[in-house]
Amino acid sequence: MNNLWILNMGFVALLIGIGLYCLLTMKNTVKLLIGVEIIAKGVTLALVASGYARDNLLVAQSLVITVIVVDVAVIATALALIISINRHTKSLDVRKLTKLKG
Amino acid sequence: MHLFLLIGLVAFSIMAVLSRDLLKSAISLAVASIFLALAFFGMNAVYAGVFELSVVAGLITVLFITAIALTRSDSEVAESKRHLIVFPLFFLALAVLDILVMRKLLGQIPAIQSAESGTFSQVLWNQRTFDLVGQVGAIFAGVLAVLALFRPDGEKAHQDNVSEGGRHE
């Protein structure tokens, strides 16, 4: 329970808050993905900081690698989805994706 | 030193969110990644730092810039200008809440046992084998998804599917 851990966790909360703000308010689909990416940064910082504070750095690093790999797969798929949507709607605006709206 | 790295990380993340140009956003995100990797190196997490630098600051930035270049010619999305007023208020409230609550909240987390030995590769390959299988699955699924989305005649095949579905009904 040292001070460095609390400092790190404070910044983790800030990063996740910024990412959530981006996800909730932005209209550009690429910006939404940037929000997801900022949240992922917060999660990796939380893992490494906790591992460092509790002397479990090896397990924490292997978990970070898992998170990063999953993150890359998600981002690649989402960007491909955005490009293919962009070909149909000619826009990056998330408000124009109303085709499935009831 | 660590504090400056974390402040840089948050500052460039904010810049990535608020910047109007998508390219600047992507590059700010990469710089934030570099700050995070340096913080990891400071905490002796070398492997996580190397991964953060090479994959997140390198590969994901390249993916973002490619996607922005492929969609750039089309119309820009007008974000509302209220962000310049609303975001500082939100950030201030978040920071105050953070300072007030975080220490008490973290005190409630029970201590986990910390007994680990061996090297990083032993932990990764022996203890977290299932995670590695999951990673391979995630990469495979991602590759299949990208291939499915970039089929050469995707639109035509989609229309065929739609008309077939209509016939079945």
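## Backbone, interface, core

Q: Where is A:D55 in chain A?
A: A:D55 sits in the loop between α2 and α3 of chain A. Keep in mind that this is a predicted model.

Q: What is the phi of A:D55?
A: A:D55 has a positive phi of about 65°, and it is not a glycine.

Q: Is A:D55 buried or exposed?
A: A:D55 has 11 C-beta neighbours inside 10 Å, so it counts as exposed. The cut-off for exposed is 12 or fewer.

Q: OK, chain B now. What about the phi of B:N44?
A: B:N44 is not a glycine, yet it has a positive phi of about 65°. Its place is in the loop between α2 and α3 of chain B. With 13 other C-beta atoms within 10 Å, B:N44 is partly exposed.

Q: Which kinds of element does chain B have, helices or strands, and how many?
A: Chain B has 7 helices and 0 strands. In order from the N terminus, the elements run α-α-α-α-α-α-α.

Q: How many of the residues of chain B count as buried?
A: Chain B has 169 residues, and 21% of them count as buried. Among contacts in chain B with a separation of 6 or more, 49% are between residues 24 or more positions apart.

Q: Where is confidence lowest in chain B?
A: Confidence in chain B is lowest in helix α7 (residues 154-168), at a mean of 54. It is highest in α2(B), at 92. Across chain B the average pLDDT is 81, and 84% of the residues score at least 70.

Q: And what are the ipTM and pTM scores?
A: The model scores ipTM 0.90 and pTM 0.85.

Q: Switching to the interface. How many residues of chain A are in contact with chain B?
A: On the chain A side there are 58 residues, in contact with 62 residues of chain B. α1 (3-25), α2 (29-53) and α3 (57-89) of chain A each give two or more residues to that side. α3(A) makes up the largest share, with 23 residues. By class, the side of chain A that touches chain B has 36 nonpolar, 14 polar and 8 charged residues.

Q: At what angle do α3(A) and α3(B) pack?
A: The angle is about 0°, and the axes are 10 Å apart. α3(A) and α3(B) are therefore roughly parallel to each other.

Q: Which residues make that contact between α3(A) and α3(B)?
A: From α3(A) they include A:Q61, A:V64, A:I68, A:V72, A:I75 and A:L79. From α3(B) they include B:A48, B:F51, B:V55, B:L59 and B:L63. By class, the contact of α3(A) with α3(B) has 19 nonpolar, 3 polar and 1 charged residues.

Q: What about the nonpolar core: which residues touch the most other members?
A: The largest nonpolar core has 66 residues, and A:V48 and A:V64 touch the most other members. At least two residues each come from α1, α2 and α3 of chain A, and from α1 (2-18), α2 (22-42) and α3 (46-71) of chain B. The largest share of this core, 15 residues, is from α3(A).

Q: What does A:V64 touch?
A: Leaving out residues up to four places away in sequence, A:V64 touches A:T44, A:L47, A:V48, B:A48 and B:F51.

Q: Is A:L63 buried or exposed?
A: A:L63 is buried, with 21 other C-beta atoms within 10 Å. It belongs to helix α3 of chain A. Its C-alpha atom is separated by 7.5 Å from that of A:L47, which is 16 residues apart from A:L63 along the chain.

Q: How far apart in space are A:V36 and A:G51?
A: A:V36 and A:G51 are 23 Å apart, C-alpha to C-alpha, and 15 residues apart in sequence. A:V36 lies in helix α2 of chain A and is partly exposed, with 16 other C-beta atoms within 10 Å.

Q: Last one. What does A:T77 touch?
A: A:T77 touches B:G142, B:A145 and B:V146, not counting residues up to four places away in sequence. A:T77 is in helix α3 of chain A. With 19 other C-beta atoms within 10 Å, A:T77 is partly exposed, as buried takes 20 or more.

Technical notes: Residues are numbered from 1 along each chain as its sequence is written. Chains are lettered from A and ligands numbered from 1 in the order in which they are written. This is a predicted model: local features need pLDDT of at least 70, side-chain atom pairs count only at pLDDT 80 or more; totals for chains, interfaces and linings use all residues. Two residues are in contact if their C-beta atoms, placed from the backbone, lie within 7 Å. Helices (H or I, at least four residues) and strands (E, at least two) are DSSP runs, numbered from the N terminus. Ala, Val, Leu, Ile, Met, Phe, Trp, Tyr, Cys and Pro count as nonpolar, Asp, Glu, Lys and Arg as charged, and the others, Gly among them, as polar. A nonpolar core is a set of buried Ala, Val, Leu, Ile, Met, Phe, Trp, Tyr and Cys residues joined through C-beta atoms within 7 Å. pLDDT is the predictor's confidence in each residue, from 0 to 100. Axes are lines fitted to C-alpha atoms, for helices over the stretch in contact, and angles run from 0 to 180 degrees between N-to-C directions. Angles under 35 degrees count as roughly parallel, over 145 as roughly antiparallel, 65 to 115 as roughly perpendicular and the rest as oblique.
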